[in-house]
Amino acid sequence: MSSAFNVTANALACTIADSDADDAGDAGDAGDAGDVGDAAGDAGADDADDGDGVHPSVAALRQFDQPLLLASQPPGQLPGLVGGAEDTVVELWESDDDKEELIERLAVRILVENLRTLSGTKWVDDQVINFYRNLCKQRSDEDDSLPNIWIGRTNMYNMIKEQGPKKVKRWTKKVKPNVFAKDMILFPMNLNNAHWCCGCVNMKKKRFELYDSTGVHEHEFYGNMRAWLTMEAEKGEIELNLDEWTNYDEDASIPRQENMHDCGVFAMFFLSCLALGKPFNFSQADMPVLRKRIAFEILTEKLLPVV
């Protein structure tokens, strides 16, 4: 791997602030499952941002019945947005009002400054990834044909790593009957406040899986996930034999980033593809398109098809 991806360089260049880490952790101890999005009440999801409070540009984006250029993308690349939708996304993240609220859903607010982290060569922040996480989770909850998943918030893995699995013991209390009934538990992960990747506890295959677009592995991940799963088994009085579980490092075919700033976009699309049960059908060449697509999906609260 190129030295351009060393931790020091990433730490200096990337200032991802996982701003909700402490609050979400405290909420978990207080009984909100550490998952403010879920605790906010899925029942109100369909009502979010309906009515007069919708930002006019967001309302305009929601009028696009077919926002993708399905017939004109370069061979082997994902389709981008049609001109009007793309122009509106760009106008929003170029707005001068950093603190202008664009959308809020399940207690995750997206301001202009959050959306702008999807532009150009910027590092994606935790608000964007947590919002995208909510969309992926909702898609799976509403479609029984998709894998049955649960997704932790961006700070959950670091809480396990730094303070032990008991710190997040209450965070899965809304997962019924328990995490072992899921096909997969997914973790968008911010390593050392410098790099995004995606972890997966694959219940069906009995594997701990790590997907990192740089190919550098967080080897502590496997031990941390084994400790967390052991705690979940004890909590639910479930028999667990970790000798039957394997550690999985993705093979060489996983998409790789070729720069120092697209890790968050890779991590989000790893998350989305895993949640769909689809192969990773994207590459570094798709990053400019994916940044705008993800911005559109967040603003319209609807994930586009992965073709």
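How do the residues of the lining of the largest pocket divide into nonpolar, polar and charged? I will come to that after a word on the model.

This is a predicted model, in which local features need pLDDT of at least 70, side-chain atom pairs count only at pLDDT 80 or more, and totals for chains, interfaces and linings use all residues. Residues are numbered from 1 along each chain as its sequence is written, and side-chain values use heavy atoms, with hydrogens and water left out.

Now the pocket. A pocket here is an open set of points on a 1 Å grid over the protein atoms alone, where a 1.4 Å probe fits, with protein on both sides within 12 Å along at least five of seven lines; lining residues have an atom within 4 Å of a point. The lining has seven nonpolar, two polar and six charged residues. Ala, Val, Leu, Ile, Met, Phe, Trp, Tyr, Cys and Pro count as nonpolar, Asp, Glu, Lys and Arg as charged, and the others, Gly among them, as polar. In total, 15 residues line the largest pocket, and Met 184, Asn 202, Lys 205, Leu 274 and Gly 277 lie nearest its centre. Strand 6 (207-211) and helix 10 each give two or more residues to this lining, and strand 6 has the largest share, three residues. Strands (E, at least two residues) and helices (H or I, at least four) are DSSP runs, numbered from the N terminus.

Last, a hairpin. Strand 1 (residues 101-105) pairs with strand 2 (residues 108-111) in the antiparallel sense over four bridges; pairing requires that DSSP finds at least two bridges. Arg 105 has Val 108 of strand 2 as its bridge partner. Two residues lie between the strands, and Leu 106 takes a positive phi near 50°.
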